[in-house]
Amino acid sequence: MRILFVTSEAYPLIKTGGLADVSGSLPAALQHLGADVRILIPGYQSVLDKLKNSHLLTTIHGLPMVGSVELILGEMPDTGVPVMAISCPSLYQRAGSPYLDTSGREWEDNPLRFGTLSQVAAWLSLHEDNPLGSWIPDIVHCNDWQSGLTPVHLYYSNKKCAKSVLSIHNLLFLGCYSADWVKRLGLPTESYHMNGLEYYGQMSFLKAGIYYADSITTVSPTYAHEIQTAEYGFGMQGLLAARGHEIHGILNGIEMNEWNPATDPHLANAYDVTNLEGKKQVKHALQTQLGLAPNSDSPLLGVVSRLTHQKGLDMFLAVAEPLLHQGCQIALLGGGEAELEAGFKQLAQRYPQQVSVTIGYNEPLSHQIMAGADIFIMPSRFEPCGLNQMYGLRYGTPPIVTRTGGLADSVQDSNPITLQEGTATGFVMVAPDAQHLLTSIHRALAYFREPRIWQKIQRNGMSRDLGWDRSAKAYLEIYSSLTSIAD
Ligand code: ADP
Ligand code: GLC
């Protein structure tokens, strides 16, 4: 089985969020199960810098507005999974993030940047006139809006081609642009239709993928249901419900070696499920490093997150003060909406011994908070899967979460029954509001003060198998069922 895995980010080459973690680890898990996988990714500078054993594979000509691009073949630095990077300096080699310029605005030419990614992916998926010839995939696995146009190109190519799978990691990002991009990107005008890629007078990359892909997946079973409802569907619920029988919810796994408190190079001490002593030293080191009072009894509440409406951290800000008065500490790492950043920074100024706020992206600190905190706070309003709550489980840092998406599918509330059953791993809020967050934190603090119960909750989470194996097999089953269907 040959799989072309198309993504706009993949750890450790480039990362802005969970998509990168998935794109870094799922292809490796598929490869481990015997699949022949290649990642296709834009050739941002950091991708070109970090690829191992890279060399020019071929030049692809005739791309709308761009002309030609070079295809570089290399390997993932850690797993050795083959990567094809699209080298086109005018599109991808610039300061800023993959999606935003240095002042945080979306790049104006994003439709061209990701239209090109989608188009190259489509051409590489053709079974006739393939520009590469030497490696022709059975499946093209697209991820989020950035590769949403690939299935459209394939549909209208009228050529034999790979079957397409679209994974929705977050329906919030629809990739909507003005309709004149349809022509500019070389898409057939008939695709711009309600039964096609038109979305409220614009074109939507994601709707295109949802409409034309052979199969659709999303990153948790609960989110697969949620997106078919008006509350979570962003106007796409009708189309999604119409394709409901083809939507598979597969919970993400995590990279168990990268996220392992027993071997994590970013931690001051190692620990594991059989010996939690080291976690206390990691907490002490974190408190010292962040300038917090090095008090082992103070419950340390950790946050690592994008600071956006989705993540619900405004609820946490709203209830933080009473918690600080009760002796809690907060360690937050994240960035995003200016108002939230400012709110947390003010809190840190007012309570310097108890609150540490780091704005920005910091990989080592994200591991240190995950390990050094006692409780992980993740009150998302919606969460397709979420990886941080799983990192929390793995690091013995029970998460407090809302009952939505992958949070509902990966965290089991702690109460007398689940404690008795040995399934308690965290705390699930009854409703997504500040009051219920506070109630859940209080419930967690009550158990925190009873070390024997607390360690039970920690150990339950740390013993969970959160790796990719089961989910990667589920993807392989979908691929197999698609390739067994005759054209
Ligand atoms: P999302 O992709 O919606 O942001 P996930 O929980 O799926 O949420 O994944 C977020 C990923 O990004 C995790 O690996 C998390 O550790 C990481 N992350 C988020 N913010 C930061 C940050 N400021 N610094 C370092 N890593 C971060
Ligand atoms: C998106 C979602 C997040 C998910 C990640 C990886 O960023 O917001 O919930 O874990 O994709 O699938």
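Helices (H or I, at least four residues) and strands (E, at least two) are DSSP runs, numbered from the N terminus. This is a predicted model: local features need pLDDT of at least 70, side-chain atom pairs count only at pLDDT 80 or more, and totals for chains, interfaces and linings use all residues. Residues are numbered from 1 along each chain as its sequence is written, chains are lettered from A and ligands numbered from 1 in the order in which they are written, and side-chain values use heavy atoms, with hydrogens and water left out.

**Ligand 1**

- The shell around ligand 1 holds 20 residues, a residue being near a molecule if one of its heavy atoms lies within 4 Å of it.
- Gly-18, Asp-21, Arg-306, Lys-311 and Gly-360 come nearest.
- Polar contacts are pairs of N or O atoms within 3.5 Å; within protein, one must be able to donate a hydrogen and the other to accept it, and residues adjacent in sequence count only if both atoms are side-chain atoms.
- A polar backbone atom of Gly-18 sits 2.6 Å from an oxygen atom of ligand 1.
- Arg-306 uses its side chain: a polar atom there is 2.8 Å from an oxygen atom of ligand 1.
- Gly-360 places a polar backbone atom 2.7 Å from a nitrogen atom of ligand 1.
- On its own, ligand 1 has 560 Å² of accessible area, and the protein covers 93% of it.
- Accessible areas come from the Shrake-Rupley method with a 1.4 Å probe; for residues, only the protein chains shown count as cover.
- H1, strand E13 (300-307), strand E14 (329-336) and helix H14 (388-394) each give two or more residues to this shell.
- E13 gives the most, with three residues.
- By class, the shell around ligand 1 has six nonpolar, nine polar and five charged residues.
- Ala, Val, Leu, Ile, Met, Phe, Trp, Tyr, Cys and Pro count as nonpolar, Asp, Glu, Lys and Arg as charged, and the others, Gly among them, as polar.
- Domain 1 (2-253 + 469-486) and domain 2 (277-462) each contribute at least three residues to the shell around ligand 1; the domain bounds come from an automatic or database domain assignment.

**Ligand 2**

- Ligand 2 is surrounded by 14 residues, and the closest are His-169, Asn-252, Glu-383, Cys-385 and Gly-386.
- Asn-252 has a polar side-chain atom 2.8 Å from an oxygen atom of ligand 2.
- In the side chain of Asn-170, an N or O atom is 3.3 Å from an oxygen atom of ligand 2.
- Gln-310 also brings a polar side-chain atom to 3.3 Å from an oxygen atom of ligand 2.
- Taken alone, ligand 2 exposes 310 Å², of which the protein buries 92%.
- Helix H1 (residues 18-32) supplies the largest share of the shell around ligand 2, three residues.
- That shell has six nonpolar, six polar and two charged residues.
- Domain 1 and domain 2 each give at least three residues to the shell around ligand 2.

**Second largest pocket**

- On a 1 Å grid over the protein atoms alone, a cavity is a set of points where a 1.4 Å probe fits but cannot get out, and a pocket is an open set with protein on both sides within 12 Å along at least five of seven lines; lining residues have an atom within 4 Å of a point.
- The volume of the second largest pocket is about 400 Å³.
- Grid points are joined across faces, edges and corners, and a volume is the space filled by probe spheres set on the points.
- Its lining has 14 residues, with Lys-280, Ser-296, Asp-374, Phe-448 and Trp-454 nearest the centre.
- Helix H10 (277-290) and helix H18 (451-462) each supply at least two residues of this lining.
- H18 gives the most, with four residues.
- By class, the lining has five nonpolar, three polar and six charged residues.

**Cavity**

- The structure holds one cavity of 30 Å³ or more.
- Pro-64, Leu-112, Gly-115, Thr-116, Gln-119, Leu-149, His-153 and Leu-185 form its lining.
- Helix H4 (residues 110-124) gives the most to that lining, with four residues.
- The lining has four nonpolar, four polar and no charged residues.

**Backbone features**

- Tyr-11 and Pro-12 are joined by a cis peptide bond, with omega about 5 degrees.
- Pro-12 is in the loop between strand E1 (2-6) and H1.
- Asp-144 has a positive phi, near 60 degrees, and is not a glycine.
- Asp-144 is in the loop between strand E6 (139-143) and helix H5 (150-157).
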